[in-house]
Amino acid sequence: METLKLKTNINRLVGEVTIPGDKSISHRSVMFGSIAHGETKVTNFLPGDDCLSTISCFRKLGVTIEESNDELRIYGNGFEGLTEPSEVLDVGNSGTTIRLLMGILSGRPFFSSLVGDASIGKRPMTRVTVPLTQMGAKLDGRKSGDFTPISIRGGQLQPIQYELPVASAQVKSAIILAGLQADGVSTIIEPAETRDHTERMIRQFGGEITKDNQTIQVKGGQKLTASTIHVPGDISSAAFFLVAGAIIPESEIILKNVGLNPTRTGIIEVMQKMGADLEIVQAASNGFEPAGDLIIKTSNLKGTVVEGSLIPRLIDEIPIIALLATQAEGPTIIKDAEELKVKETNRIDTVVQELGKLGAVIEATEDGMIIQGKSKLTGGKVSSHGDHRIGMMLAIAALLCEDTVDLEQSEAISVSYPNFFTHLNNLIR
């Protein structure tokens, strides 16, 4: 475990950052390239640890994938081209990899076994195994299939009509990927809209999927065709610099090529509601996903309430929104965010604990947190707890601190943003 002395008491942040590729889209580009027919080219791929775990798993399933920096060539032979792995598929720290792979492997006529790191071992899997079992797959794991390792004996699947008990893009995507292999039309009903990268990618690879409000239908037996994918920058990674630019004095940061998929832009809406000086420029459709540049300047912020249908559109940004709220006038209340308890860490408790060490006035609630602003941050020893988003949030918080900040388990940040500290240091003036 690495302990890093973070930069503190920064005067201003100025410059440009080209945000690395979106993690969710990078994962899916590998998966869809592998189950499509032909050669798929992917540019601006995120070579973070999580996405590299996805590549590793598909290579073990018999797919040829060539890597060159942030560019991939994937040689797919359809679902039927996947072969039984001779070893366990290790997903590392990646919840996206394990849950979406479960959907793909449920329709394959062979045995496979999935495992991950200690964090993955604590994350619930019955939300995926239950619907996949109803479709005809045979899955098992610890605690009646709720925890890894997960074993899968795939085969012929039946379509399903399934109402998701939680708003989860990973669960939805697992069922869609299984549905593509089922004998008939599957229907998935969401309680709230979640990120739609899977649906967009099906269309990009020549498939069909329909959506009417929160009801999604996908037909089995479709043949997907190879495509060219340019991955836009990850708005979840951009969020750390958006908040840094808003709370550090005399700052102005330009963020290039940021994905602006409307199912992911909740962070922008919250910041604008809080009074952030944030501008979207050159917004355009980047192939199948919209993208653009963002300009953020030091802002006078006011507290707000973050709740309801907005939560699934910013679930990964809540840790950095909590930091933003410490520098706003008045209280900020975050609720309806129980899903934070089953992320890489229990992010409600972890955010409250770690920001509290730095002097923030923040308390946990059953489904979120209450943050009092405006807080003066001091310093101390903090930990990412192995969670990349907690680690980056604390690095941004340290910029405001008057005293020394030591970050334990800083290596977790490479999961989604290997060049994070290089990009941050380039902005410091």
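Visitor: How many bridges pair strand E6 with strand E7, and in which sense, parallel or antiparallel?

Guide: This is a predicted model, in which local features need pLDDT of at least 70 and side-chain atom pairs count only at pLDDT 80 or more, while totals for chains, interfaces and linings use all residues. Residues are numbered from 1 along each chain as its sequence is written, and side-chain values use heavy atoms, with hydrogens and water left out. Strands (E, at least two residues) and helices (H or I, at least four) are DSSP runs numbered from the N terminus, and two strands pair if DSSP finds at least two bridges between them. For strand E6 (residues 89–90) and strand E7 (residues 111–115), the pairing is parallel, over two bridges.

Visitor: Which residue of E7 is the bridge partner of Leu89, and what unit do E6, H3 and E7 make?

Guide: The bridge partner of Leu89 in E7 is Leu114. A crossover is called right-handed if, with the strands pointing away from the viewer, the path from the first strand over the helix to the second runs clockwise. By that rule E6, H3 and E7 make a right-handed β-α-β unit.

Visitor: Which residue of E9 stands opposite Ser112?

Guide: E7 also pairs with strand E9 (residues 147–153), in the antiparallel sense and over four bridges. In E9, the residue that stands opposite Ser112 is Ile152.

Visitor: What is the order of the open sheet that contains E10, and which strands are at its edges?

Guide: The sheet has four strands with mixed pairing, in the order E10-E11-E13-E12. An edge strand pairs on one side only, and here that describes strand E10 (161–163) and strand E12 (209–212).

Visitor: Which residue of E11 is the bridge partner of Tyr162?

Guide: E10 and strand E11 (residues 185–189) run parallel and are joined by three bridges. Within this pair, the partner of Tyr162 in E11 is Ile188.

Visitor: What angle does the direction of H6 make with that of E13?

Guide: Axes are lines fitted to C-alpha atoms, for helices over the stretch in contact, and angles run from 0 to 180 degrees between N-to-C directions, with contact meaning heavy atoms within 4.5 Å. H6 packs on the sheet and touches E10, E11, E12 and strand E13 (215–219), and its direction makes with that of E13 an angle of about 30°.

Visitor: Why is one side of E4 and of E14 left without a neighbour in the sheet?

Guide: These strands belong to an open sheet of four strands with mixed pairing, in the order E4-E5-E3-E14. Strand E4 (64–68) and strand E14 (228–230) stand at the edges, and one side of each lacks a neighbour in the sheet because each has a single partner strand.

Visitor: How many cavities of 30 Å³ or more does a search of the whole structure find?

Guide: On a 1 Å grid over the protein atoms alone, a cavity is a set of points where a 1.4 Å probe fits but cannot get out, whereas a pocket is an open set with protein on both sides within 12 Å along at least five of seven lines, and lining residues have an atom within 4 Å of a point. Grid points are joined across faces, edges and corners, and a volume is the space filled by probe spheres set on the points. The number of cavities found in the whole structure is two.

Visitor: Which strand gives the largest share of the lining of the second largest cavity?

Guide: The lining of this cavity includes Tyr75, Gly76 and Asn77. The largest share, three residues, comes from strand E5 (residues 71–77).

Visitor: How many charged residues are in the lining of the largest pocket?

Guide: This pocket has a volume of about 620 Å³, and among its 40 lining residues Ala167, Ser168, Ile315, Glu339 and Lys343 lie nearest its centre. Ala, Val, Leu, Ile, Met, Phe, Trp, Tyr, Cys and Pro count as nonpolar, Asp, Glu, Lys and Arg as charged, and the others, Gly among them, as polar. The lining divides into 10 nonpolar and 13 polar residues, with the charged residues numbering 17.
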